[in-house]
Structure formats: structure tokens, C-alpha cells
Amino acid sequence: MVFKCCIFKCRSNYAGEESTTVFSFPKDEDLKRRWVKFVNRKDWQPTSSSFICSKHFEPKYYKKGATDKRCRLIKKFKPVPSIFDPENTSSS
């Protein structure tokens with residue numbers, strides 16, 4: 001199963017597009033609320049199948065693994081997505 005980003009017009013992990021690490025929504029309610037606000041969809045709530053890809057986070061919020069293909073969020077920084085560029089989300 002391929003996990004896709006829920007941000008409007010982001011094509012990460014779609015067939016023929018770049019494969020990118022995705023992050024599930026946090027359990028912390030305040031942080032989760034901030035992520036949902038960033039998604040900016042009317043009356044939308046995340047499910048267990050909702051993810052945001054690493055392209056929407058500043059690099060200071062995640063740590064890359066040894067192969068640079070996977071990364072993880074640094075939770076102590078309380079990462080919030082902040083990068084939205086529909087023209088550039090599939091090519092960064």
C-alpha cells in the first residue's frame with residue numbers, strides 16, 4: 001500500500017511521481033488541530049489513512065535516515081507543516 005499526501009494538489013507517492021516519506025497525524029490534540037488547519041479543507045477531519053508528506057515540513061523538523069529515502073519527525077520540536085506551494089510540491 002502506498003501512502004499519499006492529503007494536501008491539495010500534492011502528487012507525492014502517486015504513480016509516476018516522486019516517492020516521499022509521509023507522516024500520520026499526531027495524537028496530541030493541539031498539534032493535530034494545527035495540522036488540520038494547514039490542510040485547509042472545509043469540514044474535513046483526518047482518519048488513520050490521512051498523511052502529510054515531508055515536502056510540507058521545514059527540514060529542521062525532521063531527521064533523515066542513513067539512506068536519505070526515509071525520515072522521521074523530531075517530536076520535541078512539535079513540528080507543524082508550513083510549506084504549501086501547489087506549483088512545486090511534486091518537484092522538491
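Reader: Which residue forms a salt bridge with Lys 55, and how far apart are the closest N and O atoms?

Author: In this predicted model, the partner of Lys 55 is Glu 18, and the closest N and O atoms of the two lie 3.2 Å apart. The pair links distant parts of the chain, since Lys 55 sits in the loop between strand 2 (51–53) and strand 3 while Glu 18 belongs to the segment before strand 1, 37 residues apart. The two partners can also be described by their accessibility: Lys 55 is buried, with a relative accessible area of 10%, whereas Glu 18 is partly exposed, at 36%. As a general point, side chains of opposite charge can pair when their charged atoms come close.

Arg 33 forms a salt bridge with Asp 30, with the closest N and O atoms 2.4 Å apart. Because these two residues are 3 residues apart in helix 1, they are separated by about one helical turn. Arg 33 counts as partly exposed at 49% relative accessibility, and Asp 30 is likewise partly exposed, with a relative accessible area of 39%. In a further salt bridge, the side chains of Glu 58 and Lys 60 meet at 3.7 Å, N to O, and here Glu 58 is partly exposed, with a relative accessible area of 30%.

As for confidence, the chain averages a pLDDT of 87, and among its elements helix 1, where Arg 33 and Asp 30 are found, has the highest mean pLDDT, 96.

How values were computed: Residues numbered from 1 in each chain as written. Predicted model: local features only at pLDDT ≥ 70, side-chain atom pairs only at ≥ 80, totals over all residues. Heavy atoms only, no water. pLDDT = per-residue confidence, 0-100. Helix = DSSP H or I, 4+ residues; strand = E, 2+ residues; numbered from the N terminus. Salt bridge = Lys/Arg side-chain N within 4 Å of Asp/Glu carboxyl O. Buried < 20%, exposed > 50% of the residue type's maximum accessible area, 1.4 Å probe, protein only.
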